[in-house]
Amino acid sequence: MRAIDELMASPDAALVGVAGTIIGQYGLMRSVISRGPEKFVVDHVALSDALLARARELEPANPQWPHNLQQLRELRATANQAK
């Protein structure tokens, strides 16, 4: 939880945006692979969306952050259809 707080407070758009992307991708992979009782302590969808939104606030002209968010949303939709 401390790492999340530090990421949300960070002024480094690249750090925040890349963390959001990785958390979103890794969380999605884990949720598809492991359908058992193991769950993430935090909601990876909400966290990755929040981090990418924060990166966009810090660097509004960078097209990478909305692109990464859209890509994660498309991956989630595809994964949900496969269930």
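**View 1. Helix 3 and helix 4 are roughly antiparallel to each other (an angle over 145 degrees).** In this predicted model, the axes of helix 3 (residues 44-58) and helix 4 (residues 64-82) come within 9 Å and cross at roughly 160 degrees, the axes being lines fitted to C-alpha atoms over the stretch in contact, with angles running from 0 to 180 degrees between N-to-C directions. The crossing of the two helices is left-handed, that is, the near helix is turned anticlockwise from the far one by less than a right angle.

**View 2. Residues where helix 3 meets helix 4.** From helix 3, Val45, Ser48, Asp49, Leu52, Ala55 and Arg56 are in contact (heavy atoms within 4.5 Å) with Trp65, Pro66, Asn68, Leu69, Leu72, Arg73 and Arg76 of helix 4. Sorted by class, this contact has seven nonpolar, two polar and four charged residues, where Ala, Val, Leu, Ile, Met, Phe, Trp, Tyr, Cys and Pro count as nonpolar, Asp, Glu, Lys and Arg as charged, and the others, Gly among them, as polar.

**View 3. The protein chain follows the pattern α-α-α-α.** The chain has four helices and zero strands, taken as DSSP runs (H or I, at least four residues, for helices; E, at least two, for strands) and numbered from the N terminus. Of its 83 residues, 30% count as buried, meaning under 20% relative accessible area with a 1.4 Å probe.

**Notes.** Residues are numbered from 1 along each chain as its sequence is written, and side-chain values use heavy atoms, with hydrogens and water left out. Local features need pLDDT of at least 70 and side-chain atom pairs count only at pLDDT 80 or more, whereas totals for chains, interfaces and linings use all residues.

Methods
Angles under 35 degrees count as roughly parallel, over 145 as roughly antiparallel, 65 to 115 as roughly perpendicular and the rest as oblique. Buried means under 20% relative accessible area, exposed over 50%, partly exposed in between (1.4 Å probe, protein chains only).
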